[in-house]
Amino acid sequence: MAAYDALMAFQRQTEALASIAGRLGWDQETIMPRGAAEQRAEEIAALEDVLHARRTDPRIGEWLAKAEAQDPVAEAQLRHIRRSYERTVKIPARLATELARLTSRAQGIWAEARANEDVAAFLPVLRQVVDLRREEAACLATDGALYDALLDDYEPGATGEELSALFGRLRPRLVALREAVLGADNPPAPLSGTYDGATQTRIARELALAFGYDLNRGRIDTSVHPFSSGSGSDVRITTRISERDPFNCFYSTIHETGHAAYEQGIDPAYAMTPLGQGVSMGVHESQSRIYENQLGRSRAFTGWLFGRMTDGFGAFGIADAEAFYRSVNRVSPSYIRTEADEVQYNLHVLLRFDLERDLIGGTLDVADLEEAWNTRFAADFGVAVDKPSNGVLQDVHWSVGLFGYFPTYTLGNVYAGCLYKALRAEVDGIDAALAEGDAGPAVAWLRDKVQRHGGLMEPREVITQATGTAPSEAPLLDHLDAKFGEIYVL
Ligand code: ZN
């Protein structure tokens, strides 16, 4: 067998095993019996051992040396396999095991520290996590850029410096818009009352279908934190029900549908290969965000949702579709990133990006992290952090070693801004369809321009090719200024 075919046959089995590992994770977050936790940890560890051995199998190096790509698809497959192989073999097995053990322990310590509002209890283990991730980055970095080496895992090709420049252009306009919005007279009314869970579940399903989710190759369950999982013919999403806050359920569902639709939309010929998944976290987030915000929170679509909610819950205290649109897009002060609206969300991310880049770069000491957080929060949000669970202890990411992940959230928003501008210029009838509860025309364009390509191109190239121009922060900022300027009469 030719080297390329042998390599791809081996790779397909690795992908299948990785897919099984992902399914175990889905099960754990949804329907696994509580008492199975320890057995599940053992099952996952055993599977991870097998996966690590396959990913570092010396035959991959031999096949890669001999394999020849006959077409652009094969070329892209080899690029992905080579990249992953070279990364994996650079990290000593001892370090990989130590990291896995430490981050699993650190997550428990973080959860307890957060519950007790005790930053000091978390810092020693956080210091160990930072040290180990820096050691890992040093193994991977070619030019001493430690943060970039970690970032590369989530957003191949991006650099901390380039993102820092991009975010530096975003920040002043976001701070100014936030101030103007929160200082405006006559803010939109919030939702009040309670909303039956079964009806929320029914509407959530309608929303997923409106955005093109294929339930024949997917399913919707509930979990503490909504997520999407899988690729190809089995892509599942979860949502959550809060009786007082149906928007949480509805917009989590649309967000996760965006992630899932990306995976479901990839060319089936790429299934069970490195091209058969979303190309980066940033591009993934661009899909979930454009579904959720630019489309799902639009005046046209919220007009339809208002009708569905009125049918499902009866009159619920919002006078008409216009008041409902303003209510969906209400901006209110909050300490918490995951609850943030379109205006404030990126400010939360920018704060974390700057701090984690300094932590990994060695210019910020773990001991000074809380103070740095609180100072920055006061500068951007105009209020003092009242307790650690509303500040430096709020996110799980750093405890589990996810450094370099946060910026992909904002990069996704920036990409979504670029895609939405191009979409509006190229496709007619988007609003008319959205007003009927149909995101079809918009989704079809995204599928054609972004989703079907999977990992064929580099992340930045996907956006450039889809929009015809290099990514920039301007479309996102213009969208936010126009939308919230109108809602808040600025
Ligand atoms: Zn997401």
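Phe-403, at 0% relative accessibility, counts as buried, a class defined by under 20% relative accessible area, with exposed set at over 50% and partly exposed in between (1.4 Å probe, protein chains only). The structure is a predicted model, in which local features need pLDDT of at least 70 and side-chain atom pairs count only at pLDDT 80 or more, whereas totals for chains, interfaces and linings use all residues. Residues are numbered from 1 along each chain as its sequence is written, and side-chain values use heavy atoms, with hydrogens and water left out.

The ring of Phe-403 pairs with that of Trp-398, the centres lying 6.1 Å apart and the planes at 5 degrees, so the pair is stacked; rings of Phe, Tyr and Trp (its six-membered ring) are paired if their centres lie within 6.5 Å, and planes under 30 degrees apart count as stacked, over 60 as edge-to-face and the rest as tilted. Trp-398 is likewise buried, with a relative accessible area of 5%. Both residues belong to one aromatic cluster, which also includes Tyr-154, Tyr-345, Trp-373, Tyr-405, Phe-406 and Tyr-409.

In total, the structure holds 22 aromatic pairs. For Phe-306 and Phe-316 the ring centres are 5.7 Å apart and the planes stand at 55 degrees, so this pair is tilted. Because Phe-306 lies in helix H12 (residues 299–313) and Phe-316 in the loop between H12 and helix H13 (321–328), the pair ties together parts that are ten residues apart in sequence. Phe-306 is buried at 13% relative accessibility, and Phe-316 is buried with a relative accessible area of 10%.

At the level of the chain, 20 helices and three strands are present, where helices (H or I, at least four residues) and strands (E, at least two) are DSSP runs numbered from the N terminus. The radius of gyration of the chain is 23 Å, close to the 23 Å that the globule rule gives for 490 residues, so the chain is as compact as a globular protein of that length; the radius is taken over C-alpha atoms, and the rule is 2.2 Å times the number of residues to the power 0.38. Along the principal axes, the C-alpha atoms fill a box of roughly 65 × 50 × 50 Å. Of the 490 residues in the chain, 52% are buried. Among contacts (heavy atoms within 4.5 Å) between residues at least 6 apart in sequence, 74% join residues at least 24 apart.
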